[in-house]
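Subject: Structure for your files

Hello,

Here is the structure we talked about handing over. Please open it alongside this message.

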Amino acid sequence: MNLSRRQLLLGMSGLLMMPKTLLAQSSAGEPMHFARDILAIHSQHGPHKLEVELAESFTQRARGLMDRDELASDAGMLFLYSEPQSSRNGFWMYRTRIPLDIAFIDEQGRIVTIASMEPCTSSDPSQCPVTRPDARYVAALEVNAGYFVEHGIEEGDCVAVPGAALQCLAELDEAE
C-alpha cells in the first residue's frame with residue numbers, strides 16, 4: 001500500500017524523536033535528486049510536452065515540490081505509483097510555496113481529475129487541505145497553476161507516461 005504525502009508526513013512527525021544526526025541526514029531542506037523525462041499530454045489542442053521530474057520512491061513522493069520558490073513554465077513533477085491508489089489518497093500543499101494544478105491519471109493514461117491547489121501557510125500539516133481525485137489513479141502530474149486551462153487540457157485527455165504502455169494513444173490516433 002502506498003501512502004499519500006499527507007499520511008507520510010504525519011507519520012514522519014515521529015522523526016522529531018530521532019537523534020539529531022539521523023534527522024540531519026533526512027532534512028527536508030536538503031536537495032533531493034529526481035530523474036527527469038519528457039512527457040506528452042495529448043488533447044484536442046495537440047500534444048503538449050513537459051520536462052518532468054519523476055517522483056518514484058516513497059521518499060521522493062513525500063518531498064514532491066516542497067520548499068521550492070518556482071517551477072519552469074514547461075516543467076512539472078510526475079508522481080508514479082507501482083499500484084493503483086485509492087481516490088481517498090490525495091495530495092496536500094504543506095510546505096509547498098508554488099500554486100499548482102494537479103492531474104490524476106488512471107491506468108489507461110487518462111486524466112480522471114484536474115484540480116487547483118494553493119500553498120498551505122500553516123505550520124501544522126493537519127491544517128492543510130487535501131485534494132483528492134474522483135477515481136483511482138496510478139500517477140499524478142503537478143504543474144504551475146493555470147497550465148491545464150491555458151493549454152486546453154481537460155479530464156479525459158491522455159498522458160503519455162514515460163515507460164508505460166497507454167491504450168488511450170491508440171484511441172486518439174483512430175479518432176484523427
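This is a predicted model: local features need pLDDT of at least 70, side-chain atom pairs count only at pLDDT 80 or more; totals for chains, interfaces and linings use all residues.

Residues are numbered from 1 along each chain as its sequence is written, and side-chain values use heavy atoms, with hydrogens and water left out.

Confidence

The pLDDT (the predictor's confidence in each residue, from 0 to 100) averages 82 over the chain, and 74% of the residues score at least 70. Residues 8-27 have a pLDDT below 50, and beyond near neighbours in sequence this stretch makes 14 contacts in the model. A contact means heavy atoms within 4.5 Å.

Salt bridges

There are six salt bridges in the structure, each being a side-chain nitrogen of Lys or Arg within 4 Å of a carboxyl oxygen of Asp or Glu. Helices (H or I, at least four residues) and strands (E, at least two) are DSSP runs numbered from the N terminus. For accessibility, buried means under 20% relative accessible area, exposed over 50%, and partly exposed in between (1.4 Å probe, protein chains only).

One of the bridges is between E53 and R68, with the closest N and O atoms 2.6 Å apart. It links distant parts of the chain: E53 lies in strand 2 (residues 46-55), and R68, 15 residues away, lies in the loop between helix 3 (58-63) and strand 3 (75-85). E53 is buried at a relative accessible area of 8%, whereas R68 is partly exposed at 22%.

D69 forms another, with R97, at 3.0 Å between the closest N and O atoms. D69 sits in the loop between helix 3 and strand 3, and R97 in the loop between strand 4 (91-92) and strand 5 (100-105), 28 residues apart. D69 is exposed, with a relative accessible area of 65%; R97 is partly exposed at 45%.

R136 and E107 also meet in a salt bridge, 3.7 Å from N to O. Here R136 is in the loop between strand 7 (130-131) and strand 8 (137-144), and E107 is in the loop between strand 5 and strand 6 (111-117), 29 residues apart. E107 is partly exposed at 48% relative accessibility. Through shared partners, salt bridges join D67, D69, R95 and R97 into one network.

Strands 5 and 6

Strand 5 and strand 6 run antiparallel and are joined by six bridges; two strands pair if DSSP finds at least two bridges between them. They form a hairpin with five residues between them, and G109 in the turn has a positive phi of about 90°. I102 stands opposite A115 in strand 6. Five of the seven residues of strand 6 are buried, so strand 6 is largely enclosed by the rest of the structure.

Nonpolar cores

A nonpolar core is a set of buried Ala, Val, Leu, Ile, Met, Phe, Trp, Tyr and Cys residues joined through side-chain atoms within 4.5 Å. The largest has 24 residues, and F79, F91, L100, I102 and F104 have the most contacts inside it. Strand 3, strand 4, strand 5, strand 6 and strand 8 each supply at least two of its residues, with the largest share, four residues, coming from strand 3. A second, separate core has 18 residues, including L78, A103, L141 and V159.

Regards
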